[in-house]
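Reader: Hello! I have a structure open and would like to learn how to read it. Could you take me through it step by step?

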Amino acid sequence: EMQACNLACLPENYQMKYYFYHILSWPQLLYVAEDTSGKSKIVGYVLAKMEEDAETSHGHITSLAVLRSHRKLGLATRLMRAAEHDMVECFDSEYVSLHVRKSNRAAFHLYSETLGFKVHDIEKKYYADDEDAYDMRKDLKAHPSKKKAVDALSSGVGSLTIESADSATATVGSDDHMSSAANASETGADQYAESNDDA
């Protein structure tokens, strides 16, 4: 179902083995939004990973998609924030990066205006059709999860307990919900856009 959502939304498509690679390597960073009003179906997802060979721990959003029928509900924002949260909580990520087509104004607006990403660079002919991409980044050093950890340490707490990704729950809309590959379920209403990137 996730692949069907990708095919319906984006020109950048992946083989099943690419999804499995992400699910097996970083299950905490894969979230899907499901519409359960009728027959349950995936209506959006975020596929993310950690850049393993980087000097600084940072995450990367590989792909974000929400079906046109479910946009303007806040799902993309919820999906992105869930992935960012777990990048910090599980991997102590310093920042998150992504690529977006220069022509994709809706996604660019979501990333820059709603989510706080900044353009780091422009990658010429990044996509298969030779379109340029904005290389965007968001600093996670000031993320609330990092602040909590610092505050706890500075107040004399000797050890921190970090909840696993599969223990968080929240409620969104009556019929939409999100869940991570690590079996977390979050319900969310915050979104809009399709996006992005890198195979």
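Reader: Let me begin with one residue. Where is the place of E84?

Author: E84 sits in helix α3. Do keep in mind that this is a predicted model.

Reader: Does E84 count as buried or exposed?

Author: The way to tell is relative accessibility, and under 20% means buried. E84 has 2% relative accessibility, so it counts as buried.

Reader: Which residues does E84 touch?

Author: Leaving aside residues up to four places away in sequence, E84 touches V96, F117, K138, L140 and H143.

Reader: Let me step back to the whole chain. How many helices and strands are there?

Author: The chain has five helices and eight strands. Along the sequence they follow the pattern α-α-β-β-β-α-β-α-β-β-α-β-β. Of the 199 residues in the chain, 49% are buried.

Reader: How should I think about a nonpolar core?

Author: Here is the general idea: in soluble globular proteins, nonpolar side chains tend to be buried together. In this model, the largest nonpolar core has 32 residues, and I61, M80 and Y111 touch the most other members. Elements that give two or more residues to this core are β1 (30-35), β2 (41-50), β3 (58-66), α3 (75-91), β4 (95-101), α4 (105-114) and β6 (133-139).

Reader: Which element gives the most to this core?

Author: That is α3, with eight residues.

Reader: What does M80 touch?

Author: Not counting residues up to four places away in sequence, M80 touches V46, I61, L64, L98, Y111, L115 and F117. There is also a second, separate core of eight residues, which includes Y18, Y19, V32 and Y45.

Reader: Now for a pair of helices. At what angle do α3 and α4 pack?

Author: To read a helix pair, look at the angle and the distance between the axes. For α3 and α4 the angle is about 55°, and their axes are 11 Å apart. That angle makes α3 oblique to α4. The crossing in which α3 passes α4 is right-handed.

Reader: Which residues meet there?

Author: From α3 come A76, T77, M80 and R81, and they meet L110, Y111 and T114 in α4. Sorted by class, this contact of α3 with α4 has four nonpolar, two polar and one charged residues.

Methods. Residues numbered from 1 in each chain as written. Predicted model: local features only at pLDDT ≥ 70, side-chain atom pairs only at ≥ 80, totals over all residues. Heavy atoms only, no water. Core = buried A, V, L, I, M, F, W, Y, C linked by side-chain atoms within 4.5 Å. Buried < 20%, exposed > 50% of the residue type's maximum accessible area, 1.4 Å probe, protein only. Helix = DSSP H or I, 4+ residues; strand = E, 2+ residues; numbered from the N terminus. Contact = heavy atoms within 4.5 Å. Axes fitted to C-alpha atoms, helices over the stretch in contact; angles between N-to-C directions. Parallel < 35°, antiparallel > 145°, perpendicular 65-115°, else oblique. Left-handed = near helix turned anticlockwise from the far one by under 90°. Nonpolar A, V, L, I, M, F, W, Y, C, P; charged D, E, K, R; others polar.
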